[in-house]
Amino acid sequence: RVSLVVTETVDAGLFGEGIVESLIHAWEHLLLQPKPKNQDVSTGDYGRVIPASATIFGMAVECREIRRHHRVGTQEVAGVRLSNSVRFFSPTYASAGSEETVEPYTTEKLSRIPGGYVPLTEPCQVMTVDFNNLQELKSLAARKPWKLSLPVTEGGILDAIVVWFVLQLDDEHTLSTSPSEETCWEQAVYPVQGLFDYSVKTGDTVMMEVCCQDCYLKIQKISSLTSECGMDVSDKDDTLSLGNEAELCNALAGLQTTSKQDDSGQVCVLESTEIALLNNVPYHECFKAVMGKVLLSLNPSKDLQSMDVDIHGSGMNLQEGQNKSSLDVAPDPLYILDVSEGFSILPIIAGKLGPVRAYSSIEKEQHQAALSVISEANHFPKETLEFWLSHLEDESVVLQRPKSDKLWSIIILDVIETSGLIQQEVMEKAAISRCLLHSGGKIFPQYVLVYGMLVESESLLLESAVQGTEPTLGFNIAPFINQFKVPVRVYLDLSTLPCQPLSKPAELLRLDLMNPLLNSSSREVKVQICKSGQVTAIPFWYHIHLDEDHSLNTSDEFSHWKQAAVVLDEPIQVQVGDELVLDVQHHKSNISITVKR
């Protein structure tokens, strides 16, 4: 047996990579007996683990960026009422009640989160764990959930509980993953969901339950308690002793229910990017405007002019509008196909614009059910919204005619992944879509412009490849690890990326979905240097043009898209006034950029 095990199997939530299970196995099958308490034994005769122990800390925060990715913050999107009978949650919330082993947290580098964050409570110790104690490791998973209460020190909106840890490697050395430390770890984030009211003020208490079920650190049943609740917790000591806590929790059991949302209604679990998309108002307003224009041009009958049907509860709904025109000849419905990724309400927005048949390519049953409920809440005739995949014999051929004798008036494609890359096979899809369009019909977006700029960013360099032998204490690790580096970094937030712009943004490429003759698969772009430094990377983003007058910028603050960057193999030294040539290639949805003097 061995006397020492060294392990770094820790993730942002400490236990997520299985350190507890691994060390239980190590103590039972690999290690010598641990050092007995208060006994001097010569070093070689007992087993020990590095890290020796860990302490987990947590605090409540307000953070707009976390909020917009985990809570739908609007009741109405581009004239479509989101029914009260649908309750949206992100996967972290769903995992709290499910039997499956899903990570109960998401992760963020808080020091770089767009818009920053505000601590609402002091950091508080959540738990400690001794990795040199087999009994303690074994009892973790079986330990009953325990309650924590944090006094609110700063009023605000309760968006998340943020967690980090301090690893005690041995008696002298520690590593901390706190938001104020620069480390390679992010912090674990437990978004707060399902409350009726998220506002807290100084003197209130944030309550939660902690457990280590499935050897994951779970923080659940997060709620807040106001100081007026008959139990004024603000004048107690800063840290409530356990005795008080138990009494407090019992006294609260009756009050807790009031802060939770009404539990009735259809539950719909969306990815955090899908929730951010629902919260992206300009996206939906833009689509509404361009779809309205196309439908008006294809069906210029008078009642399409009153396009937004019942948008402000005027009482006149779609059927009545259509009945008026049935004295003339009821117009043939226009066919709209939405094949954008994930949960999209664009078919319902289209349905409010006149007599259409809108087809959604949503796959999940739960999402289809939610879309149907929203559709009914907006007084749609049943046939306005249909699920396209249920009409297809072969799901792999999504792009085909709506009916043998009909063509589409609008086809909506997803061109950009939320990661910041171009969707695979999007130009091929556009080519097929063009053949399926009614005369005067449109593909949205019609074209996309790729923009980029030259930057100096040490953090992008450090996160893309091992730099030399200094970080690895003189060992030559870099050549082996760097074989696996990727040329393009994805999921970046340009607004908070530590970098120095060395040029103005430049248009790099045009991808045209409606007019393939305007496409370029390669281009040379001259870029003027406006600040001296080292070019280390070329971040890029997109202007998605739905038509000439309406475009979406994937790098703006409402965007649900992230950005990407090409990281250069060798930095290039530049002076103000220099001109560099970027050779931009687009092949099979992949962009590559090389820099020439």
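Leaving aside neighbours within four places in sequence, which residues is serine 589 in contact with? Serine 589 is in contact with Ile422, Gln423, Gln424, Glu425 and Val426. Serine 589 sits in the loop between strand E33, residues 579-587, and strand E34, residues 590-596. Its relative accessible area is 6%, so serine 589 is buried. Glutamate 428 is 161 residues away from serine 589 along the chain, yet the two C-alpha atoms are separated by 9.7 Å.

A word on the model. This is a predicted model.

Now the overall picture. The protein chain has 597 residues, and 50% of them count as buried. There are 13 helices and 34 strands. Take the contacts between residues at least 6 apart in sequence: 78% of them join residues at least 24 apart.

Next, the largest pocket. About 980 Å³ of space lies in it. How many residues line the largest pocket? The count is 32, and Thr107, Glu108, Lys109, Glu186 and Tyr491 lie nearest its centre. By class, the lining has twelve charged residues, eleven polar and nine nonpolar. Several elements each supply at least two lining residues: helix H2 (64-70), helix H3 (91-97), strand E7 (106-108), helix H6 (272-278) and strand E26 (488-492). Which element gives the most to this lining? That is E26, with four residues.

E26 and E32 run antiparallel, joined by three bridges. Valine 488 stands opposite valine 566 in E32. E32 also pairs with strand E30, residues 533-545, in the antiparallel sense, over seven bridges. In that pairing, proline 539 stands opposite alanine 565 in E32.

Lysine 562 is in the loop between strand E31 (551-553) and strand E32 (563-574). Is lysine 562 buried or exposed? Its relative accessible area is 18%, and the cut-off for buried is under 20%, so lysine 562 is buried. The lysine 562 side chain makes a polar contact of 3.2 Å with the side chain of aspartate 493. Not counting residues up to four places away, lysine 562 touches Glu65, His69, Thr418, Ser419, Gly420, Tyr491, Leu492 and Asp493. Tyr491 in that list is also one of the residues nearest the centre of the largest pocket.

Histidine 69 lies in helix H2. At 9% relative accessibility, histidine 69 counts as buried. Its side chain reaches the backbone oxygen of glutamate 65 at 3.0 Å. Beyond neighbours within four places, histidine 69 is in contact with Ser90, Ser272, Thr273, Ile275, Ala276 and Lys562.

Another strand pair, elsewhere in the chain. Strand E24, residues 447-452, and E28 pair in the antiparallel sense over six bridges. Valine 450 stands opposite leucine 509 in E28. E28 covers residues 506-512, and five of its seven residues are buried.

One more strand residue. Valine 269 is in strand E18, residues 266-269. At 22% relative accessibility, valine 269 counts as partly exposed. Its C-alpha atom is separated by 8.0 Å from that of histidine 367, 98 residues apart along the chain.

Last, some backbone details to check on screen. Where are the cis peptide bonds I want to show? One runs from isoleucine 50 to proline 51, with omega near 10 degrees. Proline 51 is in the loop between strand E2 (48-50) and strand E3 (53-62). Another cis bond joins phenylalanine 444 and proline 445, with omega about -5 degrees. Proline 445 is in the loop between strand E23 (437-444) and E24.

Leucine 14 has phi near 70 degrees. It lies in the loop between strand E1 (4-6) and helix H1 (19-29). At 0% relative accessibility, leucine 14 counts as buried. Histidine 379 has phi of about 55 degrees. Histidine 379 is in the loop between helix H10 (365-377) and strand E21 (385-387). With a relative accessible area of 35%, histidine 379 is partly exposed.

Methods
Residues are numbered from 1 along each chain as its sequence is written. This is a predicted model: local features need pLDDT of at least 70, side-chain atom pairs count only at pLDDT 80 or more; totals for chains, interfaces and linings use all residues. Side-chain values use heavy atoms; hydrogens and water are left out. Buried means under 20% relative accessible area, exposed over 50%, partly exposed in between (1.4 Å probe, protein chains only). Two strands pair if DSSP finds at least two bridges between them. A polar contact is a pair of N or O atoms within 3.5 Å; within protein, one must be able to donate a hydrogen and the other to accept it, and residues adjacent in sequence count only if both atoms are side-chain atoms. Contact means heavy atoms within 4.5 Å. On a 1 Å grid over the protein atoms alone, a cavity is a set of points where a 1.4 Å probe fits but cannot get out, and a pocket is an open set with protein on both sides within 12 Å along at least five of seven lines; lining residues have an atom within 4 Å of a point. Grid points are joined across faces, edges and corners, and a volume is the space filled by probe spheres set on the points. Ala, Val, Leu, Ile, Met, Phe, Trp, Tyr, Cys and Pro count as nonpolar, Asp, Glu, Lys and Arg as charged, and the others, Gly among them, as polar.
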